[in-house]
Each structure stands twice: as structure tokens, then as C-alpha cells.
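Hi there,

Here is the structure I promised to pass on to you. Have a look at it first, and then read my notes below.

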Amino acid sequence: MPKFRNTLKKLLDPNITLDNSKNIYARTCPFCGDQIDLLRCPVVKSISTASSSAALRSNTSFDDEAEDAGGAVDSDSKDKDVEIAPGIRLPKEDILWDPSVERKQPSSGPTGLFTTEAANPLPDLFDNNEWYKSGARRACYSCGEKLPVEIDTRSCQLMGIAGVNRAGKTHFVAQAFREITASNGLERFGCTRVKLSESTGRELYQKYYPAILDSRQVLGPTDPNQTPQPLLFSIDLTDCEPMLVMTRDISGEAIMDENKRRSILEFLTRSDGLIFVIDPIEFNFVRERVPQELLLGRRSVNQVDLLQQCLMEVHRRTNKSVPVVVTISKCDLLINYCGLSGLWSKPPLDSWQNDTFEIDREIREMLISIGEESIVKATQGYAKTYFQAFSALGGDPIITGPTASVARLPNSDPIRCADTLGTVLRGMATKTQTVR
Ligand SMILES: Nc1nc2c(ncn2[C@@H]2O[C@H](COP(=O)(O)OP(=O)(O)OP(=O)(O)O)[C@@H](O)[C@H]2O)c(=O)[nH]1
Ligand SMILES: [Mg+2]
Ligand SMILES: [Zn+2]
């Protein structure tokens, strides 16, 4: 790899250090999980000026996607459109740079990052006013999704969040994202910077925060028939390569449905890191001690079976040892009704390393002592598994309606949400390699 490439890359993002042995353009698509080469990605407009409107593909619900996949393309539109990925066509005027046509820099386009390198330079998305104004983005040639601009300078990692329905995933997402941005909740984990993508910021501020911050209402169940929106953030951890992390708040009902998991949620089992949320309300030890109104009806799937299934699928599909955090949600129930406590129920110490490993040991022991050894056993053979606990609400929701889902948030402090996130991110991060 010529030396100037490293220099230019470092100018782009001073935090990046490169491993000379790998293709610096190789990435994982945050949407489909496929391995892609940025040099083969077309550059497309994200602010469309095409008369026939942007993508000929709706992306609002699973049903729409199923229809689109089999949709016929008429011969007229074939001339005006370009297939950028299998079955995904865009109007010609929305394609700014097509690598299959232009192997070199377009004369009217941007000058590119590496102009002294004649073969396949990566066009710079910010180098040209027209491109900037039309929101130039690279598109994945496997799934057609427009890639975040940060992918040019960061590796992309998929972080899965799984668990049965009503386990506490959505409140965890809301609280953890708030903690890592508003109160620097990952500082203890050596995090020097977190930045949400614009669309993620919008998603959180429109769909999650008004209810929990302003009206203090409990959020409803996640719709199993809607495509969960990608939540993207870039993060810098000390001594690690900068990462772009993608996750989604998936409905437990959809995860429990094998057909959905294997089709539209297929990306979940390609995760580079997994958070599996365990609902303690399923533990007999807890059910015998909490007020009856907090008990939900029994689920159709046993959460330990789902954990084993997810662990097996993620490891078989990625073919690597994936860091997994098995985390007990609603840990306020263990504290308030079951008299259990430990480091996990207290405010964090300074060093995440000691803290995390001690909590892992404590939770394993606690699960065994209350008759939930099967959860610990389910993780045997998966080397990078860590046990954690959190409470996104800090206490019981205050039920104000006929069912438990109509409820207000309690006035208690959440417990250790950022820690679950920090633990999995630390497991996913790659140690920095020095540039020579
Ligand atoms: N006591 C207690 N209850 C909680 C806590 N977090 C969530 N709950 C309760 O659990 C219910 C489900 O939480 P969600 O975050 O919506 O669960 P989910 O896993 O996203 O559920 P699906 O979207 O159906 O998959 C909430 O409506 C609350 O009643 C917590 O920290 N403590
Ligand atoms: Mg949910
Ligand atoms: Zn893709």
C-alpha cells in the first residue's frame, strides 16, 4: 500500500490508523451484513431530483419489501433506470457515479481522494458542490441501501439486540442511547467520542424521547410488522479502531418467529456483537415475590431456548467468536422484591475492566443460586459471553390504565444501561494497529 494513502486517510480522520495488510476499502454493509468493497459501490443521490422520484422501492414495512422483491419492471423504465443491486433500480439521473461504467474518475465529477493513483480511486463525496447538494452517498451493491458517509473512514460493526417480547429492549435502547450521548455514559469504557447519525438522532428525538422525557409514558410494544429503523452511531474507544455501529430496536415477537428471523431479520444473525436481554419476570424466584399485577402472561417461547437458538445462529453464520452480553433487564425487581444486590445494583466503579468481570461472576452465581442455571449453561462453549444487568426504568412502571401497557414511568434512576452497551462495544472493537 503506497505511503501517501495512509497520510491522506489520516488527514481525513486523525483517529484512524490503518492495517496495511488489509484492503482499506473492504467493509461490512450495515444493512445487509455482506462484505463489500467501497470501490465497487455506485455513488447515488440521497436528495433526489429525478422526476420519477427516487428509489423504485418502498422500505416502510416487511410486507412492502416482500412485494417489491417480486415486482416486475416495465421495459420503459428499464431504459431510464439502472439496477444498482439485485432487484433494486434507481432513475439514471440519481446515479452520480457508476463504477461499472467509470473505472476512473469522471472528468466532471470530484477529483477523488487519491488522484495520483490511477486505478480505481475512491471518489470523495464532499469534494464537489453538486454532489454535496444532492446528498451524494455510496450505495451497497448487495442490498441497494445508501451507506452512511462515515463508512469511508471507519469499519462498520453490527450490534444485535435480541430477547423475547416485552423483555425491556425498547426502554433499554432509549435509555442507553440517552446515557451515552447526554451524560457521557461510556467515558468509563474509554470512549472519547460518540456521534449519532442524523437519521438516528431524529428517530430517537421523535419516537422515543418525547414519551419518556416529556410525558413520562411507558413506550408501547415494538410493531413486529414494521421494518425496524437502523440506529447508527460512530464511536471512538481508546486504543481501538474507530467504529461505525449499527443496531435496530427489533420486536421480540418478530425475533421469536423463525420465519421472520430467517428472512427479514436475517441481519440479526450476522451480528458482530450481540446483546441478549433476559426478562427476570420469567424466573420462578421472581414470580413468587413480585406483585401479581406485574406478572405478564406466559410467553409462547421460552427465553432460554431463544437464547440458545440465537447464540447458535449468530456463531454459525458469522463463523467467528462473537462477543455476547447476556443481560438481565428490570433488575429493580431483583433488588426491590427479591432482596438481591451486588456490584451490579450499585453505581459503577472507575475501571470498567474490574467492574465488568466482577459483575459477570456475580450474575452467574446469582442465576445459579435462584434456580436459573439453565441460562448460564446455555452460554457454555461461547467464549466471549459476559453477564450483566440493568434497569431502564429504575423501578415499576405506575399502571394508570386497564392494562399494564398503559403506564407512567416511575421517578427512579435507571441502573447501568450504558454498561451493557459498553461491554459489548469493547468486545466488538479491534485494537489499534500502528501505521508503519
Ligand atoms: N420494573 C421494570 N419494568 C420494566 C423496565 N423496563 C421495561 N419494563 C416493563 O416491561 C415492558 C416491556 O418493555 P419494552 O422495553 O417495551 O420491551 P421490548 O423488549 O421492547 O418488547 P417488544 O417490543 O414487545 O419486543 C414495559 O412496558 C414495562 O412495563 C424496568 O426497567 N423495570
Ligand atoms: Mg420493543
Ligand atoms: Zn448491503
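A term to begin with: two strands pair if DSSP finds at least two bridges between them. Helices (H or I, at least four residues) and strands (E, at least two) are themselves DSSP runs, numbered from the N terminus.

This is a predicted model, in which local features need pLDDT of at least 70 and side-chain atom pairs count only at pLDDT 80 or more, while totals for chains, interfaces and linings use all residues. Residues are numbered from 1 along each chain as its sequence is written, and chains are lettered from A and ligands numbered from 1 in the order in which they are written.

Now to that pairing. Strands E4 (residues 81–85) and E5 (residues 88–91) run antiparallel and are joined by 4 bridges. Across the pair, Glu83 stands opposite Arg89 in E5. The hairpin has 2 residues between its strands, and Gly87 has a positive phi near 80° there.

Of its 436 residues, 40% are buried (20 or more other C-beta atoms within 10 Å of their own; exposed means 12 or fewer, partly exposed in between, with C-beta atoms placed from the backbone).

Which residues of H12 are buried? They are Asp355, Thr356, Ile359, Ile363, Met366 and Leu367. Because they cover an arc of only 95° around the axis, they lie on the same side of H12 (the arc is that of the directions from the helix axis to the C-beta atoms). On the other side of H12, Gln353, Asn354 and Ser369 are exposed. After H12 comes Gly371, with a positive phi near 85°.

Finally, the ligand. Ligand 1 is surrounded by 27 residues, the closest being Lys169, Thr170, Thr222, Gly252 and Leu393 (a residue is near if its C-beta atom, placed from the backbone, lies within 6 Å). Helices H5 (169–182), H7 (252–256) and H11 (331–336) are the elements that give two or more residues to this shell, and H5 gives the most, with 3 residues.

Enjoy exploring!

Best wishes
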